[in-house]
Amino acid sequence: MTADELKQALTEAGWRISPNTIRRDDVQWYAWLPSTNSGRAELANCTSNEKPPAFCIEPHEFKHQSGTHRSVEFRVCGAVGEKEHWLDLRLYSVPMDECLDTIPDAIKLLVAAWNAAAMAGRAIRKGK
């Protein structure tokens, strides 16, 4: 699967596409899941804006001597705790061909990791 094919499939599945112009590889976009999706609704709120953090997919494509490497990263980024400690949680190095099949597991894993971090952030705030 190419990055363009993935972009089309994600768009059809309800993901939003935004430009990412600071990347160093051949893909200049990322996908994010709207807050109406049930996976995002399960995320504890970011302490910075009191909304669930964004759930994103960042595709990577690099050309090298023996061909082209294509993979994706799933990410959840946001702040936890009273001091707003910023976290960037990733499930990475997933082959691009496996991206669509990995979405349900990635959501489950990153939601669990984010919610555990948010709970720890609340405990830090309370001095526990």
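Q: What makes the pair D88 and R75 a salt bridge?
A: In this predicted model, the closest N and O atoms of D88 and R75 are 2.4 Å apart. A salt bridge requires a side-chain nitrogen of Lys or Arg within 4 Å of a carboxyl oxygen of Asp or Glu. The value of 2.4 Å lies within 4 Å, and therefore the pair is called a salt bridge.

Q: Where in the chain do D88 and R75 lie?
A: D88 belongs to strand β5 and R75 to strand β4. The two residues are 13 residues apart, and the pair links distant parts of the chain.

Q: Why is D88 called partly exposed?
A: The relative accessible area of D88 is 34%. Buried means under 20% and exposed means over 50%, with partly exposed in between.

Q: Why does R75 count as buried?
A: R75 has a relative accessibility of 14%. This value is under 20%, so R75 counts as buried.

Q: Which residues do salt bridges with shared partners join into one network?
A: The network consists of E58, E73, R75, D88 and R90.

Q: How do you know that R90 and E73 form a salt bridge?
A: Their side chains meet at 2.4 Å, N to O. The limit is 4 Å, and 2.4 Å is within it; therefore the pair meets the criterion.

Q: Why can the pair R90 and E73 be said to tie together parts of the chain?
A: R90 lies in strand β5, whereas E73 lies in strand β4, so the pair ties together parts that are 17 residues apart in sequence.

Q: What relative accessibility places R90 and E73 in their classes?
A: R90, at 39%, counts as partly exposed, because this value lies between 20% and 50%. E73, at 14%, counts as buried, because this value is under 20%.

Q: What makes the contact between R70 and E61 a salt bridge?
A: The side chains of R70 and E61 meet at 2.7 Å, N to O. As 2.7 Å is within the limit of 4 Å, the pair is therefore a salt bridge. By this rule, the count for the model comes to 7 salt bridges.

Q: Why is the contact between the side chains of E61 and R70 also called polar?
A: The distance given for this polar contact is 2.7 Å.

Q: Why does T102 count as buried?
A: T102, found in helix α3, has a relative accessibility of 17%. Since the cut-off is 20% and 17% is under it, T102 therefore counts as buried. Leaving aside neighbours within four places in sequence, T102 is in contact with F74 and V94.

Q: Which residues touch the most other members of the largest nonpolar core?
A: The core has 28 residues, and those touching the most other members are L10, W15, F55, I57, V72, F74 and W114. The elements giving two or more residues to this core include α1, β4 and α3. The largest share, 8 residues, comes from α3.

Technical notes
Residues are numbered from 1 along each chain as its sequence is written. This is a predicted model: local features need pLDDT of at least 70, side-chain atom pairs count only at pLDDT 80 or more; totals for chains, interfaces and linings use all residues. Side-chain values use heavy atoms; hydrogens and water are left out. A nonpolar core is a set of buried Ala, Val, Leu, Ile, Met, Phe, Trp, Tyr and Cys residues joined through side-chain atoms within 4.5 Å. Buried means under 20% relative accessible area, exposed over 50%, partly exposed in between (1.4 Å probe, protein chains only). Helices (H or I, at least four residues) and strands (E, at least two) are DSSP runs, numbered from the N terminus. Contact means heavy atoms within 4.5 Å. A polar contact is a pair of N or O atoms within 3.5 Å; within protein, one must be able to donate a hydrogen and the other to accept it, and residues adjacent in sequence count only if both atoms are side-chain atoms.
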